[in-house]
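Take a moment to turn the model around before reading on.

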Amino acid sequence: MTILLTTLNARYTHASLGLRYLLANMGELQAQTRIQEFVIGAKTTEMVERILATQPKIVGFGVYIWNVEEACRLVATLKRVAPHVVVVLGGPEVSYETGEQEITRLADYVVTGWGDVTFPKLCGEILNGPKPLMKVHAGVQPPMAEIKLPYSLYSDEDLAHRTLYVEASRGCPFKCEFCLSSLDKTAWPFGIDAFLAEMEALYARGARTFKFVDRTFNLNIKTSLKIMQFFLDKLAAAPDDPVYAHFELVPDHLPDALKEGIAKFPPGTLQFEIGIQSFNPVVQANISRKQDNAKAADNIRWLCEHSSVHMHVDLIAGLPGETVDSFAEGFDKLWALGPHEIQFGILKRLRGTPIIRHTQEFGMVYDPFPPYTILANRDIDFSTMQRLVRFARYWDLVANSGRFTHTVPVLLGAAPFKSFMAFSDWLYANTDATHRIALDRLAVMVGRWLGEAGMQAGDISELLARDGHGVRQKAVAQASAAPARQVRHLAA
């Protein structure tokens, strides 16, 4: 074995699509190449030992915002004990501001951007000459039809125990400045027939969960309908062995033809992730986000009322020009629409994104360490931003988890953001913790808060009892391919 492709995934259940693309496109070098994945939190020396056990000449590292710090330690240790091993970096974290990073200083080569063609070419030059003179190699973007699809490289172990990431397209035509996809000129689709043939092969091997990483699944409606029909056909053919699909949607583009297809999916088979990010038109203009807020709200409301799709809608706190009051207004508006989950995110300054142009005007202060989270800005001071961070964490534990489905509406009352912020401040003051809060303890704290707000003890007990893990939830879980968190929402 000559070339090792590796990365540190956030969890074991995540299988790296990027590494599999590289392996699929190695050409004559494919037989000399293998994948070895790790999980963040693993001991550095043990990872180095496992890497060297394969006796590689070249190690290619996939570097992302969630693993760059551990990957840097890994590369540093590897180069110290085995300086003869050539280290090549790739991935979004090292594709921008490349010369400013310690990990790129330690490595031998860096491929920025698309690696499908450039990485195999670089490996061939390293192994066979002439030796590359440049350290940084800009990735060449090939025609989409020339990229070999990687799905046959998902192993049986992957199919049985891991999330399968798939993509029908790359890129994004929108220019939201907080997102790396804003640097793309457009979206590039793979050939739909070839893609669906790969999905058919995965299904035949037993795959039932498909997570699409396309930024704009509903950009081309004809393609969207073909993909959705693929899953509807599988559901019709084997209703007792359902598939589960996850897509990212543009919120203000939902024509009737797409609605008709969406409405056919039974509960527990379809999830949409929808990025609203902000309902504030001034903020949207600041970050070059084009969004028809009225259409977006109408579409979310329709999805909640007329389909069984599980709704996961994103908001971002800390955007330039967004005050706490305007964010609260958007949060309350979104809550009233009824999505299953509101993903409360805190702005991050991803390397290379245009959001940096607002730094001076809006006093944007970011954490210097990954994931580069906003610490303060002109409109939100540091202590308030920390309160928002805790709000986001507690919201995930209480509301998004699906474990307090009946209790949350009572907790929020007529002023959702204000009420949950008060609860969040109280919970932190009484626990001094945002992580490792056991479910039983969390339920007790929720009950205490409701009691201090004037609710009678008997009513609190009855309300919390309704959110217990009952027979119906187990029945839904047994009949659904959906993840456990979605099952809890379905069982409510």
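**Charged pairs and the fold around them**

The structure holds 21 salt bridges, where a salt bridge is a side-chain nitrogen of Lys or Arg within 4 Å of a carboxyl oxygen of Asp or Glu. Side chains of opposite charge can pair when their charged atoms come close. Before we look at examples, please note that this is a predicted model, in which local features need pLDDT of at least 70 and side-chain atom pairs count only at pLDDT 80 or more, while totals for chains, interfaces and linings use all residues. Residues are numbered from 1 along each chain as its sequence is written, and side-chain values use heavy atoms, with hydrogens and water left out.

Let us begin with Arg 20 and Glu 37, which form a salt bridge whose closest N and O atoms are 2.8 Å apart. Arg 20 sits in helix 1 (residues 17–24) and Glu 37 in strand 2 (residues 33–39), so this pair ties together parts that are 17 residues apart in sequence. Helices (H or I, at least four residues) and strands (E, at least two) are DSSP runs, numbered from the N terminus. Are these two partners buried or exposed? Arg 20 counts as buried, at 4% relative accessibility, and Glu 37 is buried too, with a relative accessible area of 18%. Here buried means under 20% relative accessible area, exposed over 50%, and partly exposed in between (1.4 Å probe, protein chains only).

Another salt bridge joins Asp 241 to Arg 208, with 3.0 Å between the closest N and O atoms. This pair links distant parts of the chain, 33 residues apart: Asp 241 is in the loop between helix 8 (221–237) and strand 11 (244–249), and Arg 208 is in the loop between helix 7 (192–204) and strand 10 (209–212). Asp 241 is partly exposed, with a relative accessible area of 34%.

Now find Arg 215 and Glu 248, whose side chains meet in a salt bridge (3.9 Å, N to O). Arg 215 lies in the loop between strand 10 and helix 8, and Glu 248 in strand 11, so the pair ties together parts that are 33 residues apart in sequence. Arg 215 counts as partly exposed at 41% relative accessibility, whereas Glu 248 is buried at 18%. Salt bridges can also share partners: Arg 20, Glu 37, Asp 158 and Arg 162 are joined into one network in this way.

Let us step back to the whole protein. It has 19 helices and 16 strands. Its radius of gyration is 24 Å, close to the 23 Å that the globule rule gives for 492 residues, so the protein is as compact as a globular protein of that length. The radius is taken over C-alpha atoms, and the globule rule is 2.2 Å times the number of residues to the power 0.38. Along its principal axes, the C-alpha trace spans about 75 × 55 × 45 Å. Of the 492 residues, 55% count as buried.

The protein is divided into domain 1 (3–142), domain 2 (163–380) and domain 3 (401–473), with bounds that come from an automatic or database domain assignment. The C-alpha centres of domain 1 and domain 3 lie 45 Å apart.

Among the buried residues of helix 3 are Val 68, Ala 71, Leu 74, Val 75 and Leu 78. The buried residues of this helix pack against strand 1, helix 2 (44–53), strand 3 (58–62), strand 4 (86–90) and helix 4 (102–106).

Finally, visit two single residues. Gln 36 lies in strand 2 and counts as buried at 7% relative accessibility. Leaving aside neighbours within four places in sequence, its contacts (heavy atoms within 4.5 Å) include Leu 4, Thr 7, Arg 50 and Ile 51. The C-alpha atoms of Gln 36 and Thr 7 are separated by 7.6 Å, although the two residues are 29 residues apart along the chain. Leu 254 lies in the loop between strand 11 and helix 9 (256–262), and Leu 254 is buried, with a relative accessible area of 9%.
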